[in-house]
Each structure stands twice: as C-alpha cells, then as structure tokens.
Amino acid sequence: MSIPEKDLKILWGKAAGRCSMTECRKKLVVEASEKILSANVLVGQNCHIIAEKENGPRGRSILTLEERNRYPNLILLCANHHIEVDQDPGKWPVKKLHQIKADHEVWVETQLTDVTDDVATKIYSDLINSATEALLLSHWDWVSDHAVRLLLSEEFVHGSDFFSEKVHRAIWPRKIVVLEKAIQNVSDGVNFYVGHFMSNAKLRENSEKQGQVFYVEDKWWKAQWRDGYDDYVEKSNKWQNISTCLLFNVVFALNDTRRL
C-alpha cells in the first residue's frame with residue numbers, strides 16, 4: 001500500500017525538506033545535473049517509524065496497514081540515517097523516533113518564526129527611520145514652531161511626499177498591527193496637512209537667498225482692493241484654522257507612535 005500524497009506533503013512540509021536527525025538536518029532536495037530534465041532531485045526517504053509490515057523494524061503494533069502509511073507514523077530521513085534506524089531498531093525504538101520527529105518539527109517552526117520576525121523588524125525599522133529623516137523629526141521643534149506661524153519648510157513638503165510613497169508601497173508583515181496602523185495614521189495626517197497647506201501656498205519671497213526655503217499663504221488678493229474683499233479674508237481665516245487643526249492631528253499621530 002502506497003503512502004497518500006497528502007501525507008507526503010505534510011511530512012516534507014513540516015520537516016522543511018531536511019533530515020529529522022538533530023545532528024544531521026541535511027537538505028534532502030539537491031540540484032540535478034544538466035543531463036536530468038528535472039531541476040531538482042529528492043534524496044530524502046519517507047521512513048516508517050513502525051514498519052509497514054509486521055516482520056519489519058519495530059513492526060509489531062496494533063496499527064492497521066493504512067495507519068502505518070499515514071503521516072503520524074512517518075519520519076523524513078536521509079538515506080544514511082534511514083539505514084541506521086532500520087538496521088538497529090533496538091537503538092531506535094518507536095518512542096525515540098517520535099520524539100526526534102517532534103523536536104525537528106519544533107525546530108523548523110522556530111527557525112521560520114525567527115526569520116519572519118527578523119523581516120518584520122527590518123520593515124518597521126526602515127519605515128520609522130524614513131519618517132524620522134523625511135519628516136525632520138529630529139528637528140521637530142523647529143518644524144512645528146514655523147508651521148504654527150504658517151511657515152512650512154520646503155524640505156518637509158518634499159519629505160512628506162517621499163514618506164507617503166514609502167508607506168503606500170510597504171508590504172506589511174502584520175506582526176504588530178497597532179504599529180502599522182500608527183505609521184499609516186502619521187502618513188495620512190501629514191498628507192492631509194501638507195495637501196491643504198499647499199492648496200493656498202507659495203514660496204516665501206527671498207527665502208532661497210536666506211538659505212531656508214519656506215512656503216507661506218498666498219495672499220494674492222491683498223495686492224489691491226477688490227470686490228468681495230471680506231470674503232477673501234474669511235476664506236483666509238478658514239484656511240489658517242484648518243491648517244492649524246491638521247498640524248495638531250499630525251502631532252497627535254506622531255505621539256501615538258511614540259507610545260508604542
């Protein structure tokens with residue numbers, strides 16, 4: 001009776017295609033030579049813990065033939081260790097082989113978790129470092145002090161675009177969801193703030209000569225008296241109030257990330 005394909009997939013998957021012996025853990029998939037059409041060759045062996053037949057190694061058991069060919073009774077080994085455990089069943093009893101199999105699968109799970117956590121840490125660190133640099137967080141007092149006075153640094157505007165694109169393209173690990181949400185909130189808050197500010201802004205005159213380039217409110221309507229002057233004043237006040245509120249939202253979002 002052959003081993004069901006489903007059980008073989010489970011066996012190879014849980015063992016990560018490696019020999020289950022702790023001192024070995026050899027890769028059981030190797031590259032083939034050019035003469036072989038298949039790209040890889042399987043050198044692992046699907047070994048029975050309790051033999052398929054009663055006269056085989058560790059074969060005396062109440063397990064049925066079907067049960068002997070299912071995943072719980074199988075262990076993935078290299079050819080050398082397969083020969084060793086079958087030729088000396090007294091040294092390799094059923095209980096010991098089950099323990100070796102379980103230990104190896106726990107090791108595989110641990111290794112995969114460590115890799116996933118490491119990748120997630122790198123992604124989060126990269127995004128946080130990008131926010132610190134692009135949004136000038138190391139000089140936030142300087143940025144916010146000018147922003148409250150409706151002076152927005154050109155460097156901050158360009159940095160917000162960069163950070164927004166970075167967050168938009170991020171592949172989230174979904175390991176620390178609350179942190180991911182906080183980073184997205186910072187990006188959204190900065191987008192809303194800069195988008196609103198730039199909707200009615202211009203470069204401050206002579207700012208390039210001074211070495212500090214800022215955007216300021218474009219009060220083109222004050223150049224000369226025009227009809228509806230009071231309406232322009234009202235719109236200006238509204239723009240200023242919304243700018244301030246959106247700036248506060250950015251500060252709140254940044255504080256949320258610091259609390260995590």
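**Close-up 1. Asp 126 in helix α4 of the predicted model.** Asp 126 has its place in helix α4, which spans residues 94-134. With a relative accessible area of 36%, Asp 126 is partly exposed. The view also takes in Gln 240, which stands 114 residues from Asp 126 in sequence, the two C-alpha atoms being 34 Å apart in space.

**Close-up 2. Helix α5 against helix α9.** Helix α5 is made up of residues 140-148 and helix α9 of residues 229-258, and their axes come within 11 Å of each other while crossing at roughly 160°. Since angles over 145 degrees count as roughly antiparallel, α5 and α9 are therefore roughly antiparallel to each other. The crossing of these two helices, α5 and α9, is left-handed. On the α5 side the contact is made by Trp 140, Ser 144, Ala 147 and Val 148, and on the α9 side by Leu 247, Val 250, Val 251 and Leu 254. Sorted by class, the residues in this contact of α5 with α9 comprise seven nonpolar and one polar, with no charged residue.

**Close-up 3. Helix α7 against helix α9.** Helix α7, residues 177-198, packs with α9 at an angle of about 165°, and the two axes are 9 Å apart. That angle makes α7 roughly antiparallel to α9. The crossing in which α7 passes α9 is left-handed. From α7, the residues that meet α9 are Ala 182, Ile 183, Asn 185, Val 186, Gly 189, Val 190, Phe 192, Tyr 193, His 196 and Phe 197, while α9 brings Trp 239, Ile 242, Ser 243, Leu 246, Leu 247, Val 250, Ala 253, Leu 254 and Thr 257 to the contact. By class, this contact of α7 with α9 holds 14 nonpolar and five polar residues, and no charged ones. Leu 247, Val 250 and Leu 254 of α9 are listed in the contact with α5 and again in the contact with α7.

**Close-up 4. Lys 235, a residue of helix α9.** Lys 235 lies in helix α9 and is exposed, its relative accessible area being 57%. Thr 110 is 125 residues away from Lys 235 along the chain, and the C-alpha atoms of the two residues are separated by 60 Å.

**Close-up 5. The cysteines Cys 19, Cys 24 and Cys 78.** A search of the whole structure for disulfides finds zero. Cys 24, accordingly, is in no disulfide, and the cysteine sulfur nearest to its own, that of Cys 19, is 3.8 Å away. At 25% relative accessibility, Cys 24 counts as partly exposed. Cys 19 also carries the cysteine sulfur closest to that of Cys 78, at 3.8 Å; because a disulfide requires two cysteine sulfur atoms within 2.5 Å, this separation is too far for a bond. Cys 78 is buried, with a relative accessible area of 5%.

Close-up 6. When its neighbours within four places in sequence are left aside, Asn 73 is in contact with Cys 47, His 48, Ile 49, Ile 50, Leu 63, Glu 67 and Arg 68.

**Close-up 7. Ile 83 in helix α3.** Ile 83 is found in helix α3, residues 79-87, and is partly exposed, with a relative accessible area of 44%. Cys 47, one of the residues in contact with Asn 73, is 36 residues from Ile 83 along the chain, and the C-alpha atoms of Ile 83 and Cys 47 are separated by 9.7 Å.

**Close-up 8. Positive phi values at Ala 16 and Leu 150.** Ala 16, in the loop between α1 (5-14) and β1 (29-31), has a phi near 60°, a positive value in a residue other than glycine. The relative accessible area of Ala 16 is 41%, so this residue is partly exposed. Leu 150, which lies in the loop between α5 and β5 (152-153), likewise has a positive phi near 60° and is a residue other than glycine. At 15% relative accessibility, Leu 150 counts as buried.

Notes. Residues numbered from 1 in each chain as written. Predicted model: local features only at pLDDT ≥ 70, side-chain atom pairs only at ≥ 80, totals over all residues. Heavy atoms only, no water. Axes fitted to C-alpha atoms, helices over the stretch in contact; angles between N-to-C directions. Helix = DSSP H or I, 4+ residues; strand = E, 2+ residues; numbered from the N terminus. Parallel < 35°, antiparallel > 145°, perpendicular 65-115°, else oblique. Left-handed = near helix turned anticlockwise from the far one by under 90°. Contact = heavy atoms within 4.5 Å. Nonpolar A, V, L, I, M, F, W, Y, C, P; charged D, E, K, R; others polar. Buried < 20%, exposed > 50% of the residue type's maximum accessible area, 1.4 Å probe, protein only.
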